[in-house]
Amino acid sequence: MQQESLVSAYAPPFKIVLKYFFAAILSFIILNFLLMLNYSDIQGFHFQPMILALTHIATLGWITMMIFGAMFQLVPVVLEVKLFSEKLAEIQFWIFLIGIIGLVTGFWNFDTGIHLTASAIVLNIAVLIFSFNILATMAKVKKWNIMGMYLAAAIFYLITTAFAGLLLSINLGFPFIKISHLQYLNLHAHVAFVGWVSMVIMGVSFKLIPMFTLAHDYSVKSGTIAFWLINLGLLGISSVMHFENLTLYFYISAALIATGIFFFLFQMYVIFKKRMRKKADVSIKFSKLAYTLLAISAMFGLLITFTNIANEMNVTLIYGYLIIFGYISMLIVGQMYKIMPFLVWYHKYSSKVGMEPVPMLKDMFKEKFAEAGYYFMITALAGVIFSFAFQIQMGLLISFGTMLLASIIFLYNFLYILLKA
Amino acid sequence: MATKDEILEVLKGVIDPEIGLNIVDLGLVYAVEITGNEISVTMTLTTPGCPMHNSITTWVEKVITQLDKEASVKVNLVWEPRWTPDLMTFDAKRELGY
């Protein structure tokens with residue numbers, strides 16, 4: 001039964017993975033809480049100390065922490081090799097955490113110079129340890145698959161993102177980058193979201209979505225085309241961003257990436273069509289919505305590339321919120337509602353199968369609560385976008401509060417699975 | 001010596017926790033044969049190439065050994081004929097919304 005492929009003798013100790021997951025969820029709550037607390041200051045252009053601080057709680061604390069944990073679990077299991085070093089995975093956690101706290105406080109107080117740069121260096125060390133650990137693990141792989149391809153590419157972009165971030169942090173204190181700081185920031189952000197985060201999400205989707213929906217006998221042609229289009233586009237963007245006035249090449253690269261994303265989405269559609277499990281549980285609902293929001297984000301990205309819409313009030317904030325809290329967060333929450341119950345079930349009950357009654361995965365958490373969380377998240381997302389667009393402060397406060405509530409429900413279910421199940 | 005029906009009954013204790021159904025109702029058990037002291041189960045999984053199929057076969061061996069401590073249990077995992085949703089019981093199909 002394919003769900004077994006979430007766990008195997010190759011998996012690292014559960015407590016290492018759990019540490020990453022827990023830190024990620026706490027970051028999500030802190031992030032939503034800070035947004036609610038500072039709702040009246042969150043407006044205008046994205047290049048502001050507080051918004052940079054909050055963005056990094058989201059990208060490093062919430063998203064990347066979660067991906068690190070998930071990759072430590074999935075890479076060994078799916079590629080059938082042992083993790084190169086469990087010790088490094090443990091050490092890396094603390095280095096990464098220190099780096100995040102340093103960077104976020106550095107941005108918040110706009111303490112550019114040594115504080116920010118030192119934090120960026122610490123983060124780069126954590127990223128290099130992670131990359132080394134995963135690449136050394138992958139070096140032992142005999143059977144490559146589409147997921148492995150995507151994940152290996154993701155590592156490359158992770159390193160690029162971290163290094164570009166380090167250059168930017170130095171540049172804030174001691175300007176040396178000849179081209180505009182904002183253009184370089186643009187590069188850093190797009191390589192982070194399209195290269196690192198989305199490559200992981202796409203790679204993992206190829207494995208998890210068929211597993212969770214019981215789909216097989218589908219072609220992965222679109223997924224492979226998506227891989228090459230996105231990578232070509234990303235390499236294009238990474239190179240043209242180092243120069244000024246290469247607008248045409250930038251347009252071509254952006255169009256390649258967007259086309260690649262649509263090929264990926266078509267691949268997901270093909271998989272969904274082949275599913276044998278027609279009933280959509282809460283996890284699949286989250287995932288379907290996330291893919292829809294990815295399509296909207298890609299179209300929004302094209303609009304920003306080809307028009308001047310980004311100059312309008314709050315447009316880049318809407319774009320960022322949509323990507324982080326829409327597409328990415330919905331997918332994380334949805335996938336975690338499958339991964340966590342299974343991991344806990346496996347550790348607690350797999351040895352008791354056939355000997356005593358064991359719970360089903362759907363009994364491992366309160367699905368009703370999770371459903372409520374789903375609707376809270378949609379409402380909050382729509383509310384934030386609407387309030388940014390029409391500059392309604394009260395709307396922002398309420399919507400950030402609703403997202404906080406959704407994140408607390410997620411934490412509650414996470415702990416419920418862990419402690420009560 | 002355990003009978004075939006008794007064996008099928010204990011195999012219903014081997015569940016797929018995610019789907020919430022047991023391997024018998026899913027139609028994964030193709031045959032149960034009893035020859036003297038040996039019980040052999042021929043079965044498949046929903047998807048070929050599952051890296052964790054060991055744990056399913058271990059569960060199968062375990063529940064049968066518990067039923068009949070004397071028996072030597074053999075599990076043959078086969079991919080032909082391929083499993084299709086049509087092999088599920090009526091209730092199982094309904095459970096999956098198939």
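Me: What is the mean pLDDT of chain B, and what share of its residues reach 70 or more?
Reply: pLDDT is the predictor's confidence in each residue, from 0 to 100. Chain B has a mean of 83, and 89% of its residues reach 70 or more. The model itself scores ipTM 0.74 and pTM 0.89. This is a predicted model, where local features need pLDDT of at least 70, side-chain atom pairs count only at pLDDT 80 or more, and totals for chains, interfaces and linings use all residues. Residues are numbered from 1 along each chain as its sequence is written, chains are lettered from A and ligands numbered from 1 in the order in which they are written, and side-chain values use heavy atoms, with hydrogens and water left out.

Me: What does the secondary structure of chain B come to?
Reply: Helices (H or I, at least four residues) and strands (E, at least two) are DSSP runs, numbered from the N terminus. Chain B has three helices and five strands, in the order α-β-β-β-β-α-β-α along the sequence.

Me: In which sense do strand 3 and strand 4 of chain B pair?
Reply: Two strands count as paired if DSSP finds at least two bridges between them. Here strand 3 (residues 29-35) and strand 4 (residues 38-43) of chain B run antiparallel over six bridges, with B:Val32 opposite B:Val41. The two strands make a hairpin with two residues between them, and B:Gly36 in the turn has a positive phi of about 60 degrees.

Me: Is A:Pro210 buried or exposed?
Reply: Buried means under 20% relative accessible area, exposed over 50%, and partly exposed in between (1.4 Å probe, protein chains only). A:Pro210 counts as buried because its relative accessibility is 5%. You'll find A:Pro210 in helix 6 (residues 181-213) of chain A.

Me: Which residues does A:Pro210 touch?
Reply: A contact means heavy atoms within 4.5 Å. Leaving out residues up to four places away in sequence, A:Pro210 touches A:Ser205, A:Ala215, A:Tyr218 and A:Ile271. The C-alpha atoms of A:Pro210 and A:Met276 are separated by 9.5 Å, though the two residues are 66 apart along the chain.

Me: And A:Leu415, where is its place?
Reply: A:Leu415 sits in helix 12 of chain A. At 30% relative accessibility, A:Leu415 is therefore partly exposed.

Me: Back to chain B: what percentage of its residues count as buried?
Reply: Of its 98 residues, 46% count as buried. Among chain B contacts between residues at least 6 apart in sequence, 60% join residues at least 24 apart.
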